[in-house]
Amino acid sequence: MTSYLDQLPLGGLLGIFALAAIIIAFGGVRLAGLADEISDRTGWGEALTGALLLGAVTSLSGTVVSVTGAASGSAGLAVGNAVGGIAAQTAFLAVADFFYRRINLEHAAASLGNLMQGTILIILLSLPIVFWAVPAYTVLGVHPGSFVLILIYIAGLKMTKSARDEPMWNPEQTHETVEDDTPTGLANLSALRLYGIFGLLAVLTGVTGYVLGRSALVLADRTGIDETAIGALLTSVVTSLPELVTTIAAVRQGALTLAVSGIIGGNAFDVLFLSLSDVFYRDGSIFHAMEAKHVFLLSMSIVMSAVLVLGLMRRERQGPLRIGFEGLATLILYGLTVIVLVRGIN
């Protein structure tokens, strides 16, 4: 695959990116409906299903890109793709808000699970900065913090499930609050076919991610563009297309809690890209290979995630441009992030 991509002209490489985007978008439309049906059959609820299943599967292509970059010795691509995807996906939620014209999406999708996942996401995003700041230490070339991130992610999923089973408090229900029991129209599918199609789409997403990762490395070498910039602004956006498509599809299907939790849960899973990349990065701790631009990306992702959680708590009914204040704020923050990365950070 690598030698074939090396021989392609620049137009061919860009063509591969476009084809990958189409494949990812096609798979994303189907994933939203399938995940909603799985949520109904398992009784997990949309918040947990979005965080655990939909978020993880739609992140598969991004996982492969980061791991591919790390295995090739490119910490810039690995970290940039992981954290850049989180920033892009948070902005995507504001885009999805435009497709729910009735009221602010965060108001309608109020959920204790989403609030818990959002808080856990902020913790997960903060820890890599801590690991970067402390002295480097590895065990068999892997930083202990990589395992800490995985443990916190697992603990967060358990807390979210516990909160659904035995909630200590619930958000105020209004006429605009949408429960997570919207019919999916897939009830006639057998369990084997339901999970089979979901699994095939997951594999397709992962394979596409591998192709994207290899072509991104060739693009960086061919054009001289910084690998972090390619990861943060190109591969992260392309590999985040499943989140955009599934979120919009979920909103249009009325599965609002699933839409929000798919983004938040996907972002939490994306932080684990760093743990996986650390295993495959053989030049030491990937956290200590981070530069100022990576810390900037992490910091902006923390701010955007905190604004999203604030929006879920405030539950504004209608804000500027017919979306919530948090949607407008995240779009502005993401725009500023792109501008700073394009201009460069020393």
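## Basis

This is a predicted model, in which local features need pLDDT of at least 70 and side-chain atom pairs count only at pLDDT 80 or more, while totals for chains, interfaces and linings use all residues. Residues are numbered from 1 along each chain as its sequence is written, and side-chain values use heavy atoms, with hydrogens and water left out.

## Overall fold

The protein has 14 helices and zero strands. Helices (H or I, at least four residues) and strands (E, at least two) are DSSP runs, numbered from the N terminus.

Of the 346 residues, 59% are buried. Buried means under 20% relative accessible area, exposed means over 50%, and partly exposed lies in between (1.4 Å probe, protein chains only). The accessible surface comes to about 14,000 Å². Carbon and sulfur atoms hold 67% of that surface. Areas come from the Shrake-Rupley method with a 1.4 Å probe, and for residues only the protein chains shown count as cover.

A contact means heavy atoms within 4.5 Å. Among contacts with a separation of 6 or more, 85% join residues 24 or more positions apart.

Helix H4 covers residues 60-71. The expected span of a helix is 1.5 Å times one less than its number of residues. For the twelve residues of H4 that gives 16 Å, and the end C-alpha atoms are 16 Å apart, which agrees. H4 is mostly covered, with nine of its twelve residues buried. Among them are Gly 62, Val 65, Val 67 and Ala 70. Gly 73 follows H4 with a positive phi, near 85 degrees.

Helix H13 runs over residues 292-314. Its 23 residues should span 33 Å, and its end C-alpha atoms are 33 Å apart, in agreement. Just after H13, Arg 315 has a positive phi of about 55 degrees.

## Aromatic pairs

Rings of Phe, Tyr and Trp (its six-membered ring) pair if their centres lie within 6.5 Å; planes under 30 degrees apart count as stacked, over 60 as edge-to-face and the rest as tilted. There are three such pairs. Phe 131 and Phe 287 have ring centres 5.2 Å apart and planes at 70 degrees, so they are edge-to-face. Phe 131 sits in helix H7 (residues 112-133), while Phe 287 is in the loop between helix H12 (256-280) and H13, 156 residues apart. Phe 131 is buried at 10% relative accessibility. Phe 287 is buried at 0%.

Tyr 153 and Phe 269 are also edge-to-face, because their centres are 6.0 Å apart and their planes are at 70 degrees. Tyr 153 lies in helix H8 (residues 144-165) and Phe 269 in helix H12, so the pair ties together parts 116 residues apart in sequence. Tyr 153 is buried at 7%, and Phe 269 is buried at 17%. Ring pairs link Tyr 153, Phe 269 and Phe 273 into a cluster.

## A nonpolar patch and its surroundings

Phe 98, Phe 99 and Leu 331 make a nonpolar surface patch of about 230 Å². Patches use residues with over 30% relative accessible area and no salt bridge; like charges are joined within 9 Å, nonpolar side chains (Val, Leu, Ile, Met, Phe, Trp, Tyr) within 5 Å. A salt bridge is a side-chain nitrogen of Lys or Arg within 4 Å of a carboxyl oxygen of Asp or Glu. Phe 99 lies in the loop between helix H5 (75-97) and helix H6 (105-108). Phe 99 is partly exposed, at 39% relative accessibility.

Phe 98 and Ile 323 are 225 residues apart in sequence, yet 6.5 Å apart in space, C-alpha to C-alpha. Ile 323 is in the loop between H13 and helix H14 (325-343). Ile 323 is buried, at 0% relative accessible area.
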